[in-house]
Amino acid sequence: MEVFAPTLRKFTTDTMEKVKGSIPSLQYPFEDHSFSALTFNIGPAACTVPHKDVMNLTWGWCAVTSLGNYDHTKGGHLVLWDLDLAIEFPPHSTIFIPSAIVSHSNTAIGPEERRSAVTQHNSMGLFRWVAYDYSLQGKRMRSGKEWWDDPTHMFTTVGGHVTPEIRGPN
């Protein structure tokens with residue numbers, strides 16, 4: 001994420017540090033990491049139906065890593081339904097997707113094959129907690145209103161620079 005979305009990475013890690021400061025007993029899967037949660041989809045043939053992870057950070061990324069031993073040319077494809085894409089997804093590969101806004105699933109594998117997955121993501125609730133002044137009530141936003149109203153300023157080019165055409169009004 002540091003290479004392809006440095007603005008988003010900084011925002012997520014800074015927010016997670018604020019959450020950690022407000023709840024000292026909270027533990028993340030990894031220190032100094034871009035994701036606050038880790039999910040294991042254990043095989044032997046893990047497969048998902050089309051879905052959106054609506055509890056994840058809406059404009060954030062989700063890292064999906066495929067594990068196992070299967071022929072990725074015949075099955076285990078990642079399907080991004082809203083984009084009309086089916087992507088060959090070999091074992092031990094990782095992809096970043098905006099899982100909260102793009103409907104996704106994966107295809108079945110053969111009967112003798114094995115597939116599991118590890119997913120890293122960020123819960124929208126953590127970001128809401130910070131934005132609403134460490135409160136569950138959500139009565140007033142402390143700061144960062146622009147993050148919620150127009151997150152397009154977090155989009156970057158492959159080189160890591162904010163793209164002015166996408167940035168929108170300041």
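This report walks through the cores, a helix pair, the cysteines and some loop residues of a predicted model.

## Before we start

Because this is a predicted model, local features need pLDDT of at least 70 and side-chain atom pairs count only at pLDDT 80 or more, while totals for chains, interfaces and linings use all residues. Residues are numbered from 1 along each chain as its sequence is written, and side-chain values use heavy atoms, with hydrogens and water left out.

## Two nonpolar cores

Let's begin on the inside. A nonpolar core is a set of buried Ala, Val, Leu, Ile, Met, Phe, Trp, Tyr and Cys residues joined through side-chain atoms within 4.5 Å. Buried means under 20% relative accessible area, exposed means over 50%, and partly exposed is in between (1.4 Å probe, protein chains only). In soluble globular proteins, nonpolar side chains tend to be buried together.

The largest nonpolar core here has 15 residues, and those with the most contacts inside it are Leu8, Leu57, Trp59 and Phe127. Helix H1 (6-22) and helix H2 (124-131) are the elements that give two or more residues to this core. Helices (H or I, at least four residues) and strands (E, at least two) are DSSP runs, numbered from the N terminus. Another core, of eight residues, lies apart from the largest one and has Leu80, Phe89, Ile95 and Val102 among them.

## How the two helices meet

The axes of H1 and H2 come within 9 Å and cross at roughly 70°. That makes H1 roughly perpendicular to H2. Axes are lines fitted to C-alpha atoms, for helices over the stretch in contact, and angles run from 0 to 180 degrees between N-to-C directions. Angles under 35 degrees count as roughly parallel, over 145 as roughly antiparallel, 65 to 115 as roughly perpendicular and the rest as oblique.

Which residues in H1 meet H2? They are Phe11, Thr12, Thr15, Lys18, Val19 and Ser22, and their partners in H2 are Leu126, Phe127, Trp129 and Val130. Contact means heavy atoms within 4.5 Å.

## Cysteines

How many disulfides does the structure hold? The count is zero, where a disulfide is a pair of cysteine sulfur atoms within 2.5 Å. Cys47 is partly exposed, with a relative accessible area of 42%, whereas Cys62 is buried at 1%.

## Pro44 and its cis bond

Pro44 is in the loop between strand S1 (37-41) and strand S2 (62-69), and a cis peptide bond with omega of about 25° joins Gly43 to Pro44. Pro44 is exposed, at 52% relative accessibility. Leaving aside neighbours within four places in sequence, Pro44 is in contact with Ile109, Glu113, Arg114 and Arg115. The C-alpha atoms of Pro44 and Glu112 are separated by 9.3 Å, although these residues are 68 residues apart along the chain.

His77 is in the loop between S2 and strand S3 (78-80). Is His77 buried or exposed? His77 is buried, with a relative accessible area of 14%. Leaving aside neighbours within four places in sequence, the contacts of His77 include Ile87, Phe89 and Asn106.

Asp84 lies in the loop between S3 and strand S4 (85-87). Asp84 is not a glycine, yet has a positive phi near 55°, and is exposed at 72% relative accessibility. His92, in the loop between S4 and strand S5 (94-97), has a positive phi of about 70° although it is not a glycine. His92 is exposed, with a relative accessible area of 61%.
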